[in-house]
Amino acid sequence: MKFSYYPGCTLKTKAKELDAAGRKAAAALGVELEEIENWQCCGAVYPQATDEIATRLSSVRALSAAEEKGQELLTLCSACHHVIKRVNEDMRTNADIRLRANNYLALEKPYTGATNVIHYLEMLRDRVGFDNVKAAVKNPLKGRKIAAYYGCLLLRPSKVMAMDDPENPSILEDFIKAIGATPVIYSQRNECCGGYIALDDKAAAQKRVDAIISGAVAAGADTIVTACPLCMYNLDANATKHVLPVQYFTSLLAEALGIVE
Amino acid sequence: MSGNICTEDILRISGVNPRKCMQCGKCSGTCPNFDEMEYHPHQFVSMVRKGQIDKLAASKSIYKCLSCFACVERCPRNVEPAKLIEAVRLAVIRQQGMDYMRPDDIPALLDDKLPQQAIVSAMRKYRK
């Protein structure tokens with residue numbers, strides 16, 4: 001099983017662990033990740049405006065590179081996944097954006113949205129299968145109570161992201177069960193942590209983080225798990241009431257698969 | 001500084017039709033950053049419909065949206081309020097000298113763990 005892999009800017013710097021654990025775990029599960037050559041940063045936020053073309057181009061380049069290889073494009077960072085998946089939908093359904101992006105890029109073959117964008121978690125669920133993940137676990141995380149933090153970017157808007165039920169998701173909880181731990185359900189798991197506003201309005205971000213962490217702590221969690229480097233930073237740096245260890249889901253997966261760092 | 005932004009600009013940039021709104025208030029009810037806003041998501045919809053762009057453009061509320069798409073997901077009429085907030089903010093920062101944050105502001109805001117993603121987001125959201 002082979003995928004075009006888009007790591008993104010933060011996985012090469014502050015979130016190296018998300019990337020390294022993800023790569024090792026994929027290899028252990030028989031999944032080959034071919035990093036896209038010369039990929040560019042996706043821009044981290046999806047350009048909602050209909051007239052923003054330049055800010056969509058790096059995603060289109062990555063999508064086109066995956067199409068050339070005839071591979072699905074696999075993402076790991078929640079923000080990259082959100083941006084690239086939505087730009088892909090624009091290229092597929094919005095004739096004006098498609099025309100202008102292609103006029104600008106002048107690719108050998110115009111890109112029309114043919115690539116399928118798949119998140120690492122979806123790869124585990126839909127391509128490998130959580131049963132097979134479970135079978136590959138050598139070090140089940142027994143006794144661990146883990147709160148799944150979806151945040152905003154993986155699930156919404158659900159018509160485009162189509163990962164899971166946007167209001168009652170289960171993919172992360174099913175993942176937690178597959179690695180032998182117990183998922184903890186709490187109220188704010190699919191509400192935003194205010195990550196990107198943390199730079200401009202730290203107090204607002206702290207309020208969001210405290211609401212999320214308090215909920216997870218009250219439900220008995222010993223760890224909160226995320227796929228997003230910005231959530232990771234924010235849930236860790238801007239918690240003022242409770243401290244709860246924050247981990248990347250790939251770190252837990254690598255631990256459960258018995259991959260020694 | 002915002003007096004030259006017209007309603008048509010906002011409708012064109014956002015692609016939103018505020019007349020689809022039935023004023024149920026669900027967008028503001030579900031907004032996780034409601035408390036920080038002077039004008040709330042449902043007010044962006046009604047004020048754009050009424051052409052009150054100047055008030056929105058002059059308000060700090062345009063920098064308070066978290067872009068979490070809770071309002072977009074939960075709107076029963078598919079109005080997509082977040083796109084209106086984004087459009088007003090863009091119409092403001094696309095003007096000469098109206099950047100809300102500049103690269104020179106970043107070093108003072110850095111800490112050891114801050115991910116690149118946060119800086120990239122800020123430069124996409126706050127300046128042109």
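# Notebook: chains A and B of a predicted model

I began with chain B, which, read along its sequence, follows the pattern α-α-α-α-α-α-α, where helices (H or I, at least four residues) and strands (E, at least two) are DSSP runs numbered from the N terminus. Counting the elements, I got seven helices and zero strands for chain B. Its radius of gyration is 15 Å, close to the 14 Å that the globule rule gives for 128 residues, so chain B is as compact as a globular protein of that length; the radius is taken over C-alpha atoms, and the rule is 2.2 Å times the number of residues to the power 0.38.

I note the conventions here: this is a predicted model, in which local features need pLDDT of at least 70 and side-chain atom pairs count only at pLDDT 80 or more, while totals for chains, interfaces and linings use all residues. Residues are numbered from 1 along each chain as its sequence is written, chains are lettered from A and ligands numbered from 1 in the order in which they are written, and side-chain values use heavy atoms, with hydrogens and water left out.

**Chain B as a whole.** Along the principal axes, I found that the C-alpha atoms of chain B fill a box of roughly 45 × 30 × 20 Å. Buried residues (under 20% relative accessible area, with exposed over 50% and partly exposed in between; 1.4 Å probe, protein chains only) make up 55% of the 128 residues in this chain. Among the contacts (heavy atoms within 4.5 Å) in chain B with a separation of 6 or more, 71% are accounted for by residues 24 or more positions apart.

**Helix 3 of chain B.** I then looked at residues 41-49, where Pro41(B), Phe44(B), Val45(B), Ser46(B), Met47(B) and Val48(B) are buried. The buried residues of this helix pack against helix 1 (7-14), helix 2 (26-30), helix 4 (53-57) and helix 6 (81-93) of chain B. After helix 3 comes Gly51(B), with a positive phi near 80 degrees.

**Chain A.** Turning to the other chain, I counted 11 helices and eight strands in chain A. The radius of gyration of chain A is 18 Å, close to the 18 Å from the globule rule for 261 residues, so chain A is as compact as a globular protein of that length. The C-alpha atoms of chain A fill a box of roughly 55 × 45 × 30 Å, taken along the principal axes, and 61% of its 261 residues count as buried. For contacts in chain A with a separation of 6 or more, residues 24 or more positions apart account for 73%.

**Gly30(A).** I looked up this residue in the loop between helix 1 (16-28) and strand 2 (32-35) of chain A. Gly30(A) is partly exposed, with a relative accessible area of 48%. Its C-alpha atom is separated by 8.9 Å from that of Lys2(A), 28 residues apart along the chain.

**The interface.** Last, I took the contact between the chains, to which chain A gives 47 residues and chain B gives 46 residues. Chain A and chain B bury about 4,000 Å² between them, 53% of it on carbon and sulfur atoms, buried area being the accessible area (1.4 Å probe) that two parts lose on being put together, summed over both. On the chain A side, Gln48(A), Tyr196(A) and Leu199(A) lose the most area to chain B, together 22% of what that side buries.
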